[in-house]
Amino acid sequence: MFSKPIFKQSVKTNWRLWAIITIVASIILSGFIIGYDAAGYASIASAAEGTAFSSLLSSMDSLLGNLENFYKLIALILGIVYVVFTANNLVVNEVDSGSMAYTLSTPIKRRSVIFTKSLYMISSVLLMYVIVSLAGLGASQLQYNNVTGYPITDDVEAAAEALDQSKRYLSERLYLIEDNEQAMRDAAAARDMDLEAYSIYLTEVINDHSYEETAKIITDEREDIYEEDDDIEDEDIKITTEDLMKDPQMILESNDALTAGAKVKGISVNEYQQFVNNEVKSLRSKENKKVEESEEGQEDTQPAFRVTEENAGLLLQTVIESSANALNMNSNQVEDNLTLTKDPAALEAAIEATGLQEEQIITMTHNTMVSSARAVDQALEFDRETYFWLSIGLFSLILAISSISFFTSTLFNRTGVALAVGGGIPFAFFLLTMVQQLMDDTPAILEYLTLTTLFDTDAILASGEFGWGLIALGIIAFGLYTAANIIFTKKDLPL
């Protein structure tokens, strides 16, 4: 059924539009990734909370979340433009202009013509989004090194320059920063932290990386053990970083895991084994203390005021404002550089304003700086599986939309009518999607009026249930392409 001449003719006729849309989509996606400012977008999203744009900006606290607007809006409209005009060029335009009469006067059968044109449409959409997705992968890897390794953050860049090391090399050997005073100072300055806070941050990151690497080893070993056990689910086999933080004892049971963890921390296996033992003892000590306090019905002996999750934000704001007054500065300046709160005059004013002790204020300041830095790191992480499903979802959506345009191109014999219907429906989907993205509260019925609802980016980003939507898009595409082939093969053409 496949006709090589028809396929070549389809490519020759439509390759320019395909190339333009592919290049533009790749450039825009790469721009989204390269221009992503984790700290900046978090501030914007926070400022926009409660406005009409809050739904658009709320996802920008992560790199992949920031791409949601590309997938839901920009990639959607670019894909619609391509499939609408290409579908019309492939069939109805040739019928309307009379060129289809010449094609069908050759020995090539109708079903071969329409099948080959369908195949071109599908394969061109597939190739387009493979290239666009690879462009995004390449941009993220080149900019952040987060596809195949740990993200290169500002402190790593500064330390790499001080140590005259490759940024990628240093991102996997952060312990080298700890061993060099100048690298520590430059790295701390790059993250707007003092040495004390940055040291806490760096230690946490290195420990987390060691847990992450050991978790991979232990998971691989468990997969080998339970390879033939069909009763064990993948979720039960996989060991995460969080699992090891709760139970580091598992690391001690694997020599390969100990070796991997020691490599990340830049210490010997024996030293890393001792580190893990200390972590196990620390966790047990905390658990025992909680049990004793519960049995005795007593609380921890605390200073006059306690910093809790509920009052931490208010206390921190009070510290910032009192510090700003003491230093004759704007509170925004102090908020952007929390190390100023450790100035003696600022500390004295903060103690008087909050009733907290100096140690509590310094600890709260350190925790805030470390949490902010860790949030930026987390925002730059690249989940390859999530990115894969975003790309598959976008392809499925555009393929389903292309089937609508292709179906109408075979249903009608006039280009104007086919373009109005086959283009009007997809553009209506786009407009409804824009309304949903811009409005916080939209009528529930809108979800059932557009195919874009089946491409649930929120569920993909949250690792929720999204598979049935993609399956539905695939069924729609298959059904309409099949119907288009049947209609074109059997209909009377004005030849």
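**T219 and its surroundings**

Author: In this predicted model, T219 touches I237, K238 and I239, leaving aside residues up to four places away in sequence. T219 lies in helix α13, which runs over residues 195-225. One of those contacts can be given a distance: the C-alpha atoms of T219 and I239 are 5.4 Å apart, although 20 residues separate the two along the chain. Is T219 buried or exposed? The relative accessible area of T219 is 9%, and the cut-off for buried is under 20%, so T219 counts as buried.

T410 is found in helix α23, residues 384-411. T410 has 0% relative accessibility and therefore also counts as buried. With residues up to four places away in sequence again left out, T410 touches V91, I114, A484, I487, F488 and K491.

Next, the nonpolar cores. The largest of them has 67 residues, and the members that touch the most others are Y71, Y82, V83, F406 and F455. Helix α5, residues 68-90, supplies the largest share of this core, with twelve residues. Apart from this core lies another, of 35 residues, including A159, M193, Y198 and L347. V83 also has contacts to list: beyond four places in sequence, V83 touches M121, V125, I398, I401, S402 and S405.

The setting for these details is a protein with 26 helices and zero strands. Its radius of gyration is 29 Å, well over the 23 Å that the globule rule gives for 495 residues, so the protein is more spread out than a compact globule. Along the principal axes, the C-alpha trace spans about 90 × 60 × 55 Å. Buried residues make up 43% of the 495. Of the contacts between residues at least 6 apart in sequence, 71% join residues at least 24 apart.

To return to the spot in question: T219 is a buried residue of helix α13, and its contacts beyond four places in sequence are I237, K238 and I239.

Terms used:
Residues numbered from 1 in each chain as written. Predicted model: local features only at pLDDT ≥ 70, side-chain atom pairs only at ≥ 80, totals over all residues. Heavy atoms only, no water. Helix = DSSP H or I, 4+ residues; strand = E, 2+ residues; numbered from the N terminus. Rg over C-alpha atoms; globule rule 2.2 N^0.38 Å. Buried < 20%, exposed > 50% of the residue type's maximum accessible area, 1.4 Å probe, protein only. Contact = heavy atoms within 4.5 Å. Core = buried A, V, L, I, M, F, W, Y, C linked by side-chain atoms within 4.5 Å.
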